[in-house]
Amino acid sequence: MNYEKLIESAIEARTKAYAPYSNFKVGAAILTEDDKIFSGCNIENASFGATNCAERTAIFKAVSEGYNTIKAVAVIGDPTTYTYPCGICRQVITEFAENDEIEIILIKNKNDYIIKTLKEILPGSFTKRDLDR
Ligand code: THU
């Protein structure tokens with residue numbers, strides 16, 4: 001899979017980060033099952049708990065437009081390291097992921113990224129299937 005456009009979209013989204021408190025800017029982009037890309041940035045708040053991560057911004061944009069199935073997620077935080085999605089975002093990705101093998105692309109820059117599967121970063125996840133009883 002060629003993730004060039006998804007990666008560029010995450011990098012571009014990072015430039016929109018609203019992070020005056022942490023100064024830690026994050027960009028994310030998701031690929032939907034029908035190959036649409038939605039991007040998002042982190043959006044902080046003076047009431048810190050109201051902060052929204054970049055991944056969730058991108059996912060909530062997609063879901064609110066009617067796109068509920070994700071097949072890849074790309075994330076960039078500090079370009080000197082690979083930023084992994086936080087625990088809450090891993091859970092939200094799980095809710096909308098096509099399956100637990102979808103790829104999570106952790107980006108330093110356009111030419112330097114690593115790929116993990118959702119299952120690798122969130123093994124033993126609790127999902128909507130657990131509620132079917
Ligand atoms: N952040 C994200 O946007 N995504 C993550 O997966 C990790 C954390 C943001 C939240 C907050 O604005 C800043 O990074 C520092 O935690």
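Student: Happy to start! Which residue in strand 4 is the bridge partner of valine 73?

Tutor: Keep in mind that this is a predicted model. Strand 3 (residues 70–76) and strand 4 (residues 103–109) run parallel and are joined by five bridges. On strand 4, the bridge partner of valine 73 is isoleucine 104.

Student: Which strands are the edge strands?

Tutor: The open sheet has five strands with mixed pairing, in the order 2-1-3-4-5. An edge strand pairs on one side only. That gives strand 2 (37–41) and strand 5 (112–117).

Student: What angle does the direction of helix 2 make with that of strand 2?

Tutor: Helix 2 (residues 54–64) packs on the sheet, where it touches strand 1 (27–32), strand 2 and strand 3. Its direction and that of strand 2 make an angle of about 140°.

Student: What covers the buried residues of helix 2?

Tutor: The buried residues in this helix are Ala54, Glu55, Arg56, Thr57, Ala58, Ile59 and Ala62. Their cover includes strand 1, strand 2, strand 3 and helix 3 (87–96).

Student: Is threonine 117 buried or exposed?

Tutor: You will find threonine 117 in strand 5. Leaving aside residues up to four places away in sequence, threonine 117 touches Asp100, Glu101, Ile102 and Ile104. The cut-off for buried is under 20% relative accessible area. Because its relative accessibility is 17%, threonine 117 counts as buried.

Key: Residues are numbered from 1 along each chain as its sequence is written. This is a predicted model: local features need pLDDT of at least 70, side-chain atom pairs count only at pLDDT 80 or more; totals for chains, interfaces and linings use all residues. Side-chain values use heavy atoms; hydrogens and water are left out. Two strands pair if DSSP finds at least two bridges between them. Helices (H or I, at least four residues) and strands (E, at least two) are DSSP runs, numbered from the N terminus. Contact means heavy atoms within 4.5 Å. Axes are lines fitted to C-alpha atoms, for helices over the stretch in contact, and angles run from 0 to 180 degrees between N-to-C directions. Buried means under 20% relative accessible area, exposed over 50%, partly exposed in between (1.4 Å probe, protein chains only).
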